[in-house]
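Here is a short report on one protein model. Keep the sequence and the 3D view open while you read.

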Amino acid sequence: MVIISGSQNQLMASEIANYCETTLCDIEISRFADGEVYVEINRNIRGKEIFIIQSTLGDANIMELLVIIDACKRASVQEITVIIPYFGYARQDRKPRSRTPVSAKLIADMLQVAGADRIVTVDLHAGQIQGFFDIPVDNLFSTPIFARHAKKKIKSDKIICVAPDVGGTERARALGKILNVGLAIVDKRLSLIHI
């Protein structure tokens, strides 16, 4: 098993490597003068099972992840599992109006074409995103861990679980059920910054 960290989640990757009683793979990630990503893996990983940890928050991080996957594929690894703590573009998981993209599907396609064999995510914005992949996807839920923490720290019985939007209702309802509290849903409107 080889654990590779992109630049987005290095502290988390280090802690995971320590827990697995290994070290992070030595990898060089840099940028050319025009911002283009350069990746070089500084050890032999041929035939190894690779775990890449990188969020897809921001376009540069998506490209970095794709380039790392490609470098691993070209190094003849056995299997690539991509661990994505934050799946960027997940809010665009459906087509609300004509002439709009389903960007979550585009990200799924790019990861597969680059060479990912398995995806691990954390609290996807919508469970349907798992269906955008033709490879195995494991969506980990933080609700049980958060609920244990909340039960220890919150002593008041005057609390309510709030979903920040309709998409978060299912997660908020699950947390509210564990905590035995009510549920509120925020009716927010999508605001975009035009450039």
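## Contacts and overall build

Among contacts between residues at least 6 apart in sequence, 54% join residues at least 24 apart. Contact here means heavy atoms within 4.5 Å. The protein has 195 residues, and 37% of them count as buried. Buried means under 20% relative accessible area, exposed means over 50%, and partly exposed lies in between (1.4 Å probe, protein chains only).

This is a predicted model, in which local features need pLDDT of at least 70, side-chain atom pairs count only at pLDDT 80 or more, and totals for chains, interfaces and linings use all residues. Residues are numbered from 1 along each chain as its sequence is written, and side-chain values use heavy atoms, with hydrogens and water left out.

## Secondary structure

The protein has five helices and nine strands. Both are DSSP runs numbered from the N terminus: helices are H or I with at least four residues, strands are E with at least two. Along the sequence the order is β-α-β-β-β-α-β-α-β-β-α-β-α-β. The C-alpha atoms fill a box of roughly 55 × 45 × 35 Å along the principal axes.

## Packing of α4 and α5

Two packed helices are described by the angle between their axes and the distance between the axes. Helix α4 (residues 143-153) packs on helix α5 (residues 169-179) at about 40°, with axes 10 Å apart. That makes α4 oblique to α5. Angles under 35 degrees count as roughly parallel, over 145 as roughly antiparallel, 65 to 115 as roughly perpendicular, and the rest as oblique. Axes are lines fitted to C-alpha atoms, for helices over the stretch in contact, and angles run from 0 to 180 degrees between N-to-C directions.

Which residues of α4 and α5 meet? Thr143, Phe146, Ala147, Ala150 and Lys151 come from α4, and Arg171, Ala174, Leu175, Ile178 and Leu179 from α5. The residues of this contact divide into seven nonpolar, one polar and two charged. Ala, Val, Leu, Ile, Met, Phe, Trp, Tyr, Cys and Pro count as nonpolar, Asp, Glu, Lys and Arg as charged, and the others, Gly among them, as polar.

## Salt bridges

Side chains of opposite charge can pair when their charged atoms come close. The structure holds five salt bridges, each a side-chain nitrogen of Lys or Arg within 4 Å of a carboxyl oxygen of Asp or Glu. One of them joins Arg31 and Glu64 (3.4 Å, N to O). Arg31 is in strand β2 (residues 27-31) and Glu64 in helix α2 (residues 59-74), 33 residues apart. Arg31 is partly exposed at 38% relative accessibility, whereas Glu64 is buried at 1%.

Asp117 pairs with Lys73, with the closest N and O atoms 4.0 Å apart. Asp117 lies in the loop between α3 (103-114) and β6 (118-122) and Lys73 in helix α2, so this bridge ties together parts 44 residues apart in sequence. Asp117 is partly exposed at 26%, as is Lys73 at 37%. Lys105 and Asp109 form another bridge (2.7 Å, N to O). Both lie in helix α3, four residues apart, about one turn of the helix.

## Positive phi angles

Most residues other than glycine have a negative phi. Tyr89 has a positive phi of about 70°. Tyr89 sits in the loop between β5 (79-84) and α3, and is partly exposed at 30% relative accessible area.

Asn180 also has a positive phi, about 60°. Asn180 lies in the loop between α5 and β9 (182-185). Is Asn180 buried or exposed? Asn180 counts as exposed, at 70% relative accessibility.
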